[in-house]
Amino acid sequence: MSKSSVYSSPGFDFSNIVRNNFLHEKGLPLPKATSTGTTIVGCLFKDGIVLGADTRATEGPIVADKNCEKIHYITESIRCCGAGTAADTEFTTALISSNMELHALQSGRKPRVVTAMTMLKQMLFRYQGHVGAALVLGGVDSTGPHLFTIHPHGSTDKLPYVTMGSGSLAAMAVFESGWQPNMEREQALNLVKAAIAAGIFNDLGSGSNVDACIITANSTEMLRNVEMPNVRVQKERDYKFRRGTTAWKKEEIRSLVVEETVTPIGRGDEMDTS
Amino acid sequence: MSLRIVPANAQKSASVQDTAGSFGLHDTLQYGPRSIAVEVKSQGTLKERLENWEETQDNLKLNLQRNAHGIHLPMRVLMERKLVTSHPNFMGTSNLHLDVLMGRDETIEPADVFLGMESSNPLDIRKEFEKRYKA
């Protein structure tokens, strides 16, 4: 007896559940998904939204990517920063970006930030937190600038300034002491850079450079690596030898062709026009 | 009449129904030998939640339609769906009319990304034929 076939399948293969539960009961530790420690922030200013993120992706205690991009594209004037499991944030934001584009084509209107937020929260709630994506969603649409935060279990907040990730406390400390309503663009960008820098220097899971994205009603500016406080110093010693350091000792040329004879087959190189 | 939004955690006992073949018994050819571990269902895992999600939401909508407009409306909706699934398509596996009726013709789901076209295995086509010639 098969289920009614009008419904679409969840898309995932659960055939190993019995085996995994059995192994887990026997004491085998389930593999932990690689999660990124992160500092991601968003802040509302006079003309729109500034989003910021660090650029380190970790795999346990190892830095997996020194310059990864955590500010994902949703639509032209909506971006989403992602903390948590890197694959989950990338896949979720890509899926919602595609769905937003389809929705915008179908409705004929510019997409709204609340639409993206609703799609994301409904999807994350459906997966009961197993999709480990903590997101900061910000953008400007026809109703104005909006900034949301979405937690892995599907709860959302609408706030003027938000931070997420392992470095969120350090960044929030900077925001709490520095944020004011109706800031200018430069002031907001400096505040975001300071908040991310606080996360980079005080949290092990965040590091490398600062990415920022400024979204206003007319334009979206993606400032990749706007601040690089962790540039590697030039190595003092060089391991390459200068050309001409050693002269040759000996030169010997050995011809691999011992004897060569050419035997024409057929009529040779002429074209066969028979 | 339940207005559940989220699938319930049903505690089922051991059952052979999921793997039953046409005789009503466990179908060893398709699913392998019987084992108690597979048949005893555990309570509410992610798998059941995801599999029953769309059905639960659909039941909610149909119940609300019945409350607002009367029994005829969910009846028509289900009739349209049945009409659309009654004719099996042998070339493709994606039923566009069904997608339009279910409201998922303009969305992309994880199932579209991960499963694609290979969700119909050859055994299912034999089942489709069985269904056609049985009734």
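This is a predicted model: local features need pLDDT of at least 70, side-chain atom pairs count only at pLDDT 80 or more; totals for chains, interfaces and linings use all residues.

Trainee: What span should α3(A) have, and what are its end C-alpha atoms apart?

Mentor: Helix α3 of chain A covers residues 113-126, and its 14 residues should span 20 Å at 1.5 Å a residue. The expected span is 1.5 Å times one less than the number of residues. The end C-alpha atoms are 20 Å apart, which agrees. Helices here are DSSP runs of H or I with at least four residues, strands are runs of E with at least two, and both are numbered from the N terminus.

Trainee: Which residues of α3(A) are buried?

Mentor: A:Val113, A:Thr115, A:Ala116, A:Met117, A:Leu120, A:Met123 and A:Leu124. Buried means under 20% relative accessible area, exposed over 50%, and partly exposed in between, with a 1.4 Å probe and protein chains only.

Trainee: And what do they pack against?

Mentor: In chain A, the buried residues of α3(A) pack against β6 (71-75), β7 (78-85), α2 (86-107), β8 (133-141), β9 (144-150) and β10 (156-158). Contact means heavy atoms within 4.5 Å.

Trainee: Which residues of the largest nonpolar core touch the most other members?

Mentor: Of its 22 residues, A:Ile74, A:Ile96, A:Leu135, A:Leu137 and A:Ile150 do. A nonpolar core is a set of buried Ala, Val, Leu, Ile, Met, Phe, Trp, Tyr and Cys residues joined through side-chain atoms within 4.5 Å.

Trainee: Which elements give two or more residues to this core?

Mentor: β7, α2, α3, β8 and β9 of chain A, together with α3 (46-69) of chain B. α3(A) gives the most, with six residues. There's also a second, separate core of 20 residues, which includes A:Leu189, A:Ile196, A:Ala212 and A:Ile214.

Trainee: Switching topic: how many residues does the contact take from chain A and from chain B?

Mentor: 24 residues from chain A and 28 residues from chain B. The area buried between them is about 2,800 Å², with carbon and sulfur atoms giving 66%. Buried area is the accessible area (1.4 Å probe) that two parts lose on being put together, summed over both. A:Val6, A:Tyr7 and A:Arg126 supply 23% of the area that chain A buries against chain B, more than any other three residues.

Trainee: Which residues other than glycine have a positive phi?

Mentor: Among them are A:Asn182, near 60°, and A:Ser208, near 65°. A:Asn182 is in the loop between α4 (168-178) and α5 (185-202) of chain A, and A:Ser208 lies in the loop between α5 and β12 (210-216) of chain A.

Trainee: Is each one buried or exposed?

Mentor: A:Asn182 is exposed, with a relative accessible area of 60%, whereas A:Ser208 counts as buried at 11% relative accessibility.

Trainee: Last one: how many helices and strands does chain B have?

Mentor: Seven helices and zero strands. Buried residues make up 21% of the 135 residues in chain B.

Conventions: Residues are numbered from 1 along each chain as its sequence is written. Chains are lettered from A and ligands numbered from 1 in the order in which they are written. Side-chain values use heavy atoms; hydrogens and water are left out.
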